[in-house]
Amino acid sequence: MNVRTAEHPRPEHFLLHLSDTHLLAGGNRLYGSVDSAAHLARLFDEVEASGGRPEAIVVTGDLADKGEPDAYDRLRRIVEPAAERLGSQVIWVMGNHDDRASFRANLLDELPTSNPINRVHNVNGLRVITLDTSVPGHHHGEISAESLGWLATQLRMPAPDGTILAMHHPPVPSMLDLAATVELRDQSALARVVRGSDVRSIIAGHLHYSSTATFAGIPVSVASATCYTQDLNVPVGGTRGRDGARAFNLVHVYQDTVLHSVVPLGSYPTLDYIDAAESARRLAASNVTFTPAGTLPVFREPPMTTPIPVLR
């Protein structure tokens with residue numbers, strides 16, 4: 001019997017990446033009609049029903065539309081019970097609509113200071129670094145010299161399975177002209193820090209539509225919003241928000257690649273369905289097997305060709 005092993009093994013890590021929940025206090029709705037809390041709750045219903053069990057849930061900013069304390073409390077009431085059922089840790093990222101003091105007090109149970117919120121999370125050997133790109137009182141993004149220096153220090157020591165950098169403002173171009181007014185500024189400074197490091201992927205939000213690019217040689221994946229999205233079929237030069245086309249991302253980390261998959265929110269007519277048992281039967285009939293996760297050498301970034309600068 002000629003058994004063929006699939007080209008890629010099972011993934012080493014699985015993350016759920018969502019963004020731009022934009023919750024409001026008091027049950028209020030965005031634009032008077034968009035129930036962002038209901039859309040978020042539906043997302044977790046769909047993820048749980050799929051049987052997928054992410055190790056971590058990463059929410060890349062604009063968690064509360066106006067930074068209201070009660071909005072963060074509502075967010076926790078939706079996300080944390082779902083995360084407990086899924087067996088996932090929750091990783092929060094600051095966005096331009098968020099308020100640092102309320103974020104700290106109501107999400108992190110910390111003193112309500114206004115300092116940048118940068119964190120390092122260990123996800124079973126995969127490092128997830130959250131970088132605060134928010135500028136209080138503004139909607140564009142910046143990374144302070146202090147935050148860049150902190151990031152450079154963290155990246156001096158590679159993680160066992162590499163690093164995912166999570167931030168709100170993505171270091172990518174946008175096909176919507178007005179996005180330039182709220183983009184991440186001085187991206188070259190960030191490039192100097194991450195180039196040649198063990199950062200395997202940058203995940204972000206902010207744009208309200210799914211997008212991919214590369215930055216400093218690193219793949220970038222932007223998750224769409226869970227509340228409302230931007231219509232990319234708008235006449236060229238314009239922008240048009242819409243109450244629909246919401247999506248989230250699945251992130252599967254392999255030894256030699258990171259796979260980002262966009263999942264539309266909602267259900268649609270079924271054309272064909274093959275359940276897990278039938279899939280296994282067909283694979284066995286075709287003599288196809290998968291190398292289990294953890295049986296190959298873990299990720300190791302090659303030595304850096306240039307040193308990471310320490311910014312002062």
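In this predicted model, five strands make up an open sheet of 5 strands in the order β4-β3-β2-β13-β14, with mixed pairing.

Residues are numbered from 1 along each chain as its sequence is written. Because the model is predicted, local features need pLDDT of at least 70 and side-chain atom pairs count only at pLDDT 80 or more, while totals for chains, interfaces and linings use all residues, and side-chain values use heavy atoms, with hydrogens and water left out.

Within this sheet, strand β3 (residues 56–60) and β4 pair in the parallel sense over 5 bridges, and the bridge partner of A56 in β4 is Q89. Helix α2 (residues 69–86) packs on the sheet, touching β3 and β4, and its direction makes about 145° with that of β4; contact means heavy atoms within 4.5 Å, and axes are lines fitted to C-alpha atoms, for helices over the stretch in contact, with angles from 0 to 180 degrees between N-to-C directions. Helix α1 (residues 36–50) lies across β2 (13–18), β3, β13 and β14, running at about 155° to β2.

Strand β13 (residues 247–253) and strand β14 (residues 258–264) pair in the antiparallel sense over 7 bridges and form a hairpin with 4 residues between them, in which V253 has V258 as its bridge partner in β14.

An open sheet of 6 strands, also with mixed pairing, has the order β5-β6-β7-β8-β10-β9. Its edges are held by β5 (119–123) and β9 (211–215), each with a single partner strand, so one side of each is left without a neighbour in the sheet. Strand β6 (residues 126–131) pairs with strand β7 (residues 163–167) in the parallel sense over 5 bridges, and T130 stands opposite A166 in β7.

Helix α4 (residues 145–155) lies across β5, β6, β7 and β8 (199–204), running at about 175° to β6, whereas helix α5 (residues 187–194) lies across β6, β7, β9 and β10 (218–222), running at about 70° to β9.

Conventions:
Two strands pair if DSSP finds at least two bridges between them. Helices (H or I, at least four residues) and strands (E, at least two) are DSSP runs, numbered from the N terminus.
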